[in-house]
Amino acid sequence: MTYRNPPTTPRKSATFDDYTLSEIRRAAATGIYDIRGGGAKRKLPHFDDLLFLGASISRYPLEGYRERCDTSVVLGSRHATKPIELKIPITIAGMSFGSLSGPAKEALGRGATLAGTSTTTGDGGMTEEERGHSKQLVYQYLPSRYGMNPRDLRRADAIEVVVGQGAKPGGGGMLLGQKISDRVAEMRTLPKGIDQRSASRHPDWTGPDDLEIKILELREITDWEKPIYVKVGGARPYYDTALAVKAGADVVVVDGMQGGTAATQEVFIENVGQPTLACIRPAVQALQDLGMHRKVQLIVSGGIRNGADVAKALALGVDAVSIGTAALVALGDNDPHWEAEYNELGTTAGAYDDWHEGRDPAGITTQDPELMKRVDPIAAGRRLANYLKVMTLEAQTIARACGKNSLHNLEPEDLVALTIEAAAMAGVPLAGTNWIPGKNGF
Amino acid sequence: MPAINLSKMTAHDPRVFDLDQLSLRELNQALHNLAPGSNETAWEVLHPKGSHSVAVGVDQPVAIDVRGSVGYYCGGMNSGSTITVHGSAGPGVGENMMSGSITIKGDASQYAGATGRGGLLVIEGNASSRCGISMKGIDIVVHGNIGHMSAFMAQSGNLVVLGDAGDALGDSIYEARLFVRGKVDSLGADCIAKEMRTEHLELLQGLLDRAGVTGVNPSEFKRYGSARTLYNFNIDNADAY
């Protein structure tokens with residue numbers, strides 16, 4: 001019997017992991033960067049790293065189901081004569097017609113309206129589907145200005161000047177040829193079938209002083225009726241918030257890097273911008289420093305999934321949150337029901353993100369007439385409304401446990417953090433200590 | 001929001017708005033209050049003194065004469081009115097205009113006619129950089145010169161320049177047509193000189209007529225437009241950006 005040297009177990013590199021290797025091979029084979037939809041997929045400090053303390057001897061709770069816990073919020077009362085009044089502090093984020101199918105946009109409008117909240121247009125103009133089915137519709141004012149016109153501006157309930165989005169702060173929209181159908185092309189004044197790459201900067205203003213003049217123009221066109229939001233990606237939340245307030249915004253929207261996009265470069269999504277959790281306190285601090293907290297409302301988006309996330313964001317000083325990815329999942333995106341078709345596309349339910357290819361088995365991120373029939377706007381809208389209501393109930397459950405009769409009475413003192421990183425970002429103590437990293441000099 | 005004092009209006013000819021005495025808000029609100037078929041079809045704005053957003057969002061076929069120079073976004077989103085600025089215009093004059101016409105007797109600053117979707121913008125002097133940026137159907141006629149990066153990402157419509165054009169004309173242009181009579185410092189990515197066929201000469205003559213340009217022959221112009229090589233992404237074109 002001969003002795004064989006024992007082999008070591010095959011060992012893969014943590015640096016060159018399987019995904020990294022596959023990306024190198026893909027880039028070498030195709031000669032194009034990887035484009036996908038969605039937001040950052042990497043593990044990030046997030047709301048999961050925060051916990052509520054709940055009631056104790058020094059704090060007494062409210063009775064669940066009996067004592068009222070208010071969920072309403074008014075957006076845009078700073079300057080607008082017709083501010084938006086929402087029943088719940090969860091809105092639907094901007095997603096374009098073009099990236100989404102007409103039935104999906106209709107479903108978003110139906111669901112939001114049933115739940116008493118607003119929905120938002122996107123980089124493709126306003127469709128009748130969503131205007132007709134959205135009681136309160138926010139009209140995005142984007143660098144591309146696709147479909148922009150004064151009639152739609154006036155029939156919107158609010159205007160959102162989009163400076164950036166969390167998935168790609170500094171990047172413009174992208175809609176590849178497969179999804180530029182006749183209708184999409186007409187709305188965007190573009191040839192059918194081209195790869196459409198929207199501008200990343202607005203065509204007629206640059207910088208905060210210009211933005212102030214642009215906001216004045218939008219107010220003058222709409223007779224000072226509409227709330228004007230300014231949306232930024234999670235880049236420099238303190239200064240972006242302060243400058244938006246200075247420019248005259250009624251509402252500031254800060255979108256962290258978990259916030260989705262219809263399509264952009266993977267390298268952009270995963271490497272530019274800050275996590276949602278890291279954006280909130282600087283934005284709130286800017287409002288507080290200007291004496292504008294609760295006067296200019298703050299909406300935060302990017303990775304909001306449940307009522308706990310809503311409650312945590314509000315406790316950190318946010319007025320409302322926005323959901324995009326989660327709303328699409330409620331409509332049916334990435335549903336295991338379509339697993340066989342996801343497999344045919346080389347992916348699996350839960351991982352499908354090639355929304356730009358327009359072959360979405362769930363019929364949501366497509367312009368294919370057959371695929372989009374899979375979305376029943378009434379049933380999908382109902383699911384979205386259910387989901388929004390569950391999130392609201394969950395947030396109320398937590399707020400009552402913390403003794404709050406309004407979601408907006410939640411405060412940072414109701415929270416602790418599980419990690420040093422989250423404690424530093426959220427500005428709340430590490431659990432079991434009174435240590436807030438970065439405060440008091442250490 | 002500034003309050004509107006309508007009682008002050010009775011002291012003036014209702015068609016004359018003196019911005020020394022009335023606010024911008026009062027001017028724009030009065031223009032927006034016009035009902036279809038109103039007989040108040042002639043308006044005069046005095047002392048604009050560089051005010052921003054003069055006569056924005058007007059959607060009735062009225063004539064508005066502005067006596068002096070204006071700031072940003074004069075005539076923004078105009079739908080059907082005829083605006084004449086007897087002076088110069090700041091950035092973004094006629095931005096996203098839908099229809100009607102705007103004439104600037106002097107010069108125009110950056111982004112003139114940006115994203116305009118229809119109507120006619122005439123600049124009797126020069127226009128600065130990014131004239132016609134992202135234009136989507138508007139017709140723009142500039143008697144003088146235009147600055148750099150004009151017609152950037154221009155999607156549709158016509159830009160006519162009787163003078164010269166600066167660097168990077170028509171960068172990343174889509175289907176807009178550019179006609180330049182003088183020299184072009186340089187063309188932007190994917191913008192090329194194109195053949196001037198009979199249909200283009202006729203189109204250009206029509207544009208010159210509408211803009212009140214006389215004594216200029218369309219054959220003096222060169223036409224520029226998209227080479228359409230960047231419409232679908234190809235890694236071998238990456239150095240074009």
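B:Met149 is buried, with 22 other C-beta atoms within 10 Å; a residue counts as buried if 20 or more other C-beta atoms lie within 10 Å of its own, as exposed if 12 or fewer, and as partly exposed in between, with C-beta atoms placed from the backbone. B:Met149 sits in the loop between strand E7 (136–142) and strand E8 (156–161) of chain B. Its phi is near 60 degrees, a positive value in a residue other than glycine. This is a predicted model, in which local features need pLDDT of at least 70 and side-chain atom pairs count only at pLDDT 80 or more, while totals for chains, interfaces and linings use all residues. Residues are numbered from 1 along each chain as its sequence is written, and chains are lettered from A and ligands numbered from 1 in the order in which they are written.

**Chain B as a whole**

- Chain B has two helices and eleven strands; helices (H or I, at least four residues) and strands (E, at least two) are DSSP runs, numbered from the N terminus.
- Along the sequence the pattern of chain B is β-α-β-β-β-β-β-β-β-β-β-α-β.
- The radius of gyration of chain B is 19 Å, close to the 18 Å that the globule rule gives for 241 residues, so chain B is as compact as a globular protein of that length. The radius is taken over C-alpha atoms, and the rule is 2.2 Å times the number of residues to the power 0.38.
- Along the principal axes, the C-alpha atoms of chain B fill a box of roughly 65 × 40 × 30 Å.
- Of the 241 residues of chain B, 51% count as buried.

**Domains of chain B**

- Chain B is divided into domain 1 (12–33 + 40–118) and domain 2 (126–227), with bounds from an automatic or database domain assignment.
- The centres of domain 1 and domain 2 of chain B, taken over C-alpha atoms, are separated by 24 Å.
- Where these domains meet, domain 1 of chain B gives 13 residues and domain 2 of chain B gives 15 residues; residues are in contact if their C-beta atoms, placed from the backbone, lie within 7 Å.
- The side of domain 1 of chain B that touches domain 2 of chain B has five nonpolar, six polar and two charged residues. Ala, Val, Leu, Ile, Met, Phe, Trp, Tyr, Cys and Pro count as nonpolar, Asp, Glu, Lys and Arg as charged, and the others, Gly among them, as polar.

**Contact between the chains**

- The contact takes 24 residues from chain A and 37 residues from chain B.
- On the side of chain A that touches chain B, helix H6 (residues 207–221) of chain A supplies the largest share, five residues.
- By class, that side of chain A has twelve nonpolar, six polar and six charged residues.

**The sheet of chain A**

- Eight strands of chain A form an open sheet with parallel pairing, in the order E5-E15-E14-E12-E11-E8-E7-E6; two strands pair if DSSP finds at least two bridges between them.
- Strand E5 (90–92) and strand E6 (119–120) of chain A stand at the edges, each with a single partner strand, so one side of each is left without a neighbour in the sheet.
- Strand E15 (residues 320–323) of chain A is covered on both faces, with A:Ala320 and A:Ser322 buried on one side and A:Val321 and A:Ile323 buried on the other.
- E15(A) pairs in the parallel sense with E5(A) over three bridges, and A:Ile90 has A:Val321 as its bridge partner in E15(A).
- E14(A) also pairs with E15(A) in the parallel sense over three bridges, and A:Ser301 stands opposite A:Ser322.

**Helices and loops of chain A**

- Eight of the nine residues of helix H10 (residues 307–315) of chain A are buried, so H10(A) is largely enclosed by the rest of the structure.
- Just after H10(A), A:Gly317 takes a positive phi of about 115 degrees.
- A:Arg294 is in the loop between H9 and E14 of chain A; A:Arg294 counts as exposed, with 12 C-beta neighbours inside 10 Å.
- A:Arg294 has a positive phi of about 75 degrees although it is not a glycine.
- A:Asp333, in the loop between helix H11 (325–331) and helix H12 (339–344) of chain A, counts as buried with 27 C-beta neighbours inside 10 Å.
- The C-alpha atoms of A:Asp333 and A:Ile364 are separated by 6.7 Å, although these residues are 31 residues apart along the chain.

Note on methods: Two residues are in contact if their C-beta atoms, placed from the backbone, lie within 7 Å.
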